[in-house]
Amino acid sequence: MEIGIGIPNSVRGATGAQLLEWARRAEAAGFSSLGTIGRVAYPSYEELTVFAAAGAVTERIRFVTDILLGPTRSSAELAKQAASVQELTGGRLTLGLAVGGREDDYRLTGRDFSARGRLFDQQLADLQRAFAGEALVADSRPVVPDAVRGGVPILVGGTSDAAIRRTVEHGVGWTAGGAPPPMVAPFVQRVRAAWQEAGREGSARIVALNYFSLGDTVERSRDYLLDYYGGLGRETAEMIAAGAHRSPQAIADVIAAFVEAGVDELILDPTVADPAQVDLLAEVALA
């Protein structure tokens, strides 16, 4: 299993200089990917903008949005943004997309929260067309630069039957988001079985994301997660905050559990913005 690391684009107080230094250190340490989480209704750095900048200071490390709320953007805008990053980074981007579950992200972008599933289905089809160089509406031109024909790989998030269908129809695989290994393992089997039943070649790629911090950072880590997930209610936010891995042993244990679950890549997402976290995690996860 590959080990990636998130970049703290959503951690309050992170600076642009810290994000670029984080990317440099992550590549030097040998992590497989940089991941982002993202919302509209939170004072975070926009994911694809961060990856465009990170691509300029790295050469190898891949980029994964895990996840980006696809239906909060128009298909044309998302296709153009993603294709631009793909070309600027030499083909290192994978789009992890899902619908999300918080209405304010949709209200702020003027989109219909109740129709997000239908919008997402249409968007996934539109992205495939856009990445193939096709026009999205009649009497218009393609939106993706000619150099990016062939597109951007897509991971689909979510734990519904619809998520499995979307993965098989439009994705290269599935992302488990922040779920713990016992919840992920049964869904991995369902995704891979559906993939084979549909006659897709190869195997669906499975990516998971979990939160971490190391060192004397417990309170900062906890405060950030309570803030980020506060809109889901105190009980849910407390559960997520308590689930972050904050010791070398906890990180080693969760890596082993995700290997057992059949995950291809685990992205450990930071809850503290200090770039020293990259080096601390590398000592534990990449030793």
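1. Start at Leu-97. Leu-97 lies in strand 4 (residues 93–98). Helices (H or I, at least four residues) and strands (E, at least two) are DSSP runs, numbered from the N terminus. Leu-97 counts as buried because its relative accessibility is 0%. Buried means under 20% relative accessible area, exposed over 50%, and partly exposed in between (1.4 Å probe, protein chains only).

2. A word on the source. This is a predicted model: local features need pLDDT of at least 70, side-chain atom pairs count only at pLDDT 80 or more, and totals for chains, interfaces and linings use all residues. Residues are numbered from 1 along each chain as its sequence is written, and side-chain values use heavy atoms, with hydrogens and water left out.

3. Now the neighbours of Leu-97. Val-156 is 59 residues from Leu-97 in sequence, yet the two are 5.2 Å apart in space, C-alpha to C-alpha. Leaving aside residues up to four places away in sequence, Leu-97 touches several others, including Ile-67, Phe-120, Leu-124, Ile-154 and Val-156. Contact means heavy atoms within 4.5 Å.

4. Next, the rings. The whole structure holds 7 aromatic pairs. Rings of Phe, Tyr and Trp (its six-membered ring) pair if their centres lie within 6.5 Å; planes under 30 degrees apart count as stacked, over 60 as edge-to-face and the rest as tilted. Trp-174 and Phe-187 form a tilted pair, 4.7 Å centre to centre with 35° between the planes. Trp-174 sits in strand 6 (residues 173–175) and Phe-187 in helix 7 (residues 181–197), 13 residues apart. Both Trp-174 and Phe-187 are buried.

5. Tyr-211 and Tyr-229 pair edge-to-face, at 6.1 Å centre to centre and 65° between the planes. Both are buried. Ring pairs also join Tyr-42, Tyr-211, Tyr-224, Tyr-228 and Tyr-229 into a cluster.

6. Arg-12 lies over the face of Tyr-42, 5.8 Å from the ring centre. The charged end of Arg-116 sits over the ring of Phe-113, 3.9 Å from its centre. The test: NZ of Lys or CZ of Arg within 6 Å of the ring centre and within 35 degrees of the ring normal.
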